[in-house]
Amino acid sequence: MNYDSFTTFNVNVKNAIAWVTFDYPPVNIQGLPMLADLNMLAQKLEADRTVKVVVFQSANPDIFVAHADTNFLKDMSAKAVSREEAKLLDLQVVLERISKLPQATIAKIEGFARGGGHEFALACDMRFAARGKAKFMQMEVGMGILPCGGGASRMARQTGLGNALEIILGARDFDADQGEAYGTINKALDPEEIGPYVEALANRIALWPAESINACKQTVYASIDQPIEAALKEEAYWLYQATSQTAALKRFKWADDNGAQFDMDNQRSWEGMVVSVQEVN
């Protein structure tokens, strides 16, 4: 798969990980060129089962992804529409496509991620931010609108209603540690720690079968939106998708034939054993 045709970021694929580095001077603005690039990236990744993890980062030391470009926001209609007439915005469509990628997606945030940039991070599966460098904000309420790239919807799922409304209506900057407390990011890390931490996590996830990664991801997302009975049915559905496409049954047979599951040493070392079992195919 060729990943050389983008103007707002570059892509380097290594060891089943796609490192996507935003590089769109001066501020990595989230405009139509970036949305077009992200849409094309998603199209390529959806068809590429050799890539298992996607890490989004920035070449700009001060900015991850900036807010949405006001050049296309200012042309929005000033006329209210009915619920039936309302259609999804381009930003919503593209970020939802990123959210639904079969790969695990990680946002590595070492600068400002405000407005649409923050909403992009929320559309990723996991988010890690550097202390003293990352800054987050949803400023839309002060501009007379609302977060409209999934910010309101995804943030409430991440943080709960009260925290989401504090972030959205407060329209204030918050840092990596506050983001961890809110629940908008997985973990706040010191600047020298974030690179090794994200790289180690990405490399570990990339060891697993692509189909299993996707099945886990789709099941977790389904559980957010559905009652428990429907969510459990999704678990069962995706279990069979995984066993039909991976070496799972061979690995279970190997464990049974070798008595591995009854070995106390194995019980103490599952973290390492789950890596070594990748050799059973």
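This is a predicted model: local features need pLDDT of at least 70, side-chain atom pairs count only at pLDDT 80 or more; totals for chains, interfaces and linings use all residues.
Residues are numbered from 1 along each chain as its sequence is written, and side-chain values use heavy atoms, with hydrogens and water left out.

Helices (H or I, at least four residues) and strands (E, at least two) are DSSP runs, numbered from the N terminus. Two strands pair if DSSP finds at least two bridges between them.

Now the pairings. Six bridges link strand 2 (residues 17-22) to strand 3 (residues 53-58) in the parallel sense. Phe22 has Ser58 of strand 3 as its bridge partner. Strand 5 (residues 104-109) runs parallel to strand 7, with four bridges between them. There, Ala107 is partnered by Arg127 of strand 7. Strand 7 also joins strand 10 (residues 187-189), again in parallel, through three bridges. Ala130 stands opposite Leu189 of strand 10.

How many residues of strand 7 are buried? Five of the five residues in strand 7 (residues 126-130) are. Buried means under 20% relative accessible area, exposed means over 50%, and partly exposed lies in between, using a 1.4 Å probe and protein chains only. Both faces of the strand are covered. Met126, Phe128 and Ala130 lie on one side, Arg127 and Ala129 on the other.

Strand 4 runs parallel to strand 6 (residues 112-114), joined by two bridges. Val65 has Ala113 of strand 6 as its bridge partner.

Turn to the helices. Helix 1 (residues 32-46) packs on helix 3 at an angle of about 30°, the axes 9 Å apart. Axes are lines fitted to C-alpha atoms, for helices over the stretch in contact, and angles run from 0 to 180 degrees between N-to-C directions. Helix 1 is therefore roughly parallel to helix 3, a term for angles under 35 degrees. In this contact (heavy atoms within 4.5 Å), Leu35, Leu38, Asn39, Ala42, Gln43 and Glu46 of helix 1 meet Asp90, Leu91, Val94, Arg97 and Ile98 of helix 3.

Glu96 also belongs to helix 3. Is Glu96 buried or partly exposed? Glu96 is partly exposed, because its relative accessible area is 32%. The C-alpha atoms of Glu96 and Gly142 are separated by 25 Å, and the two residues are 46 residues apart along the chain.

Last comes helix 10 (residues 210-225). At 1.5 Å a residue, its 16 residues should span 22 Å, and the end C-alpha atoms are 24 Å apart, which agrees. The expected span is 1.5 Å times one less than the number of residues. Its buried residues include Ala210, Ile213, Lys217 and Ala222. The buried residues of helix 10 pack against helix 3 (90-99), strand 5, helix 9 (191-205) and helix 11 (228-243).

Notes:
Angles under 35 degrees count as roughly parallel, over 145 as roughly antiparallel, 65 to 115 as roughly perpendicular and the rest as oblique.
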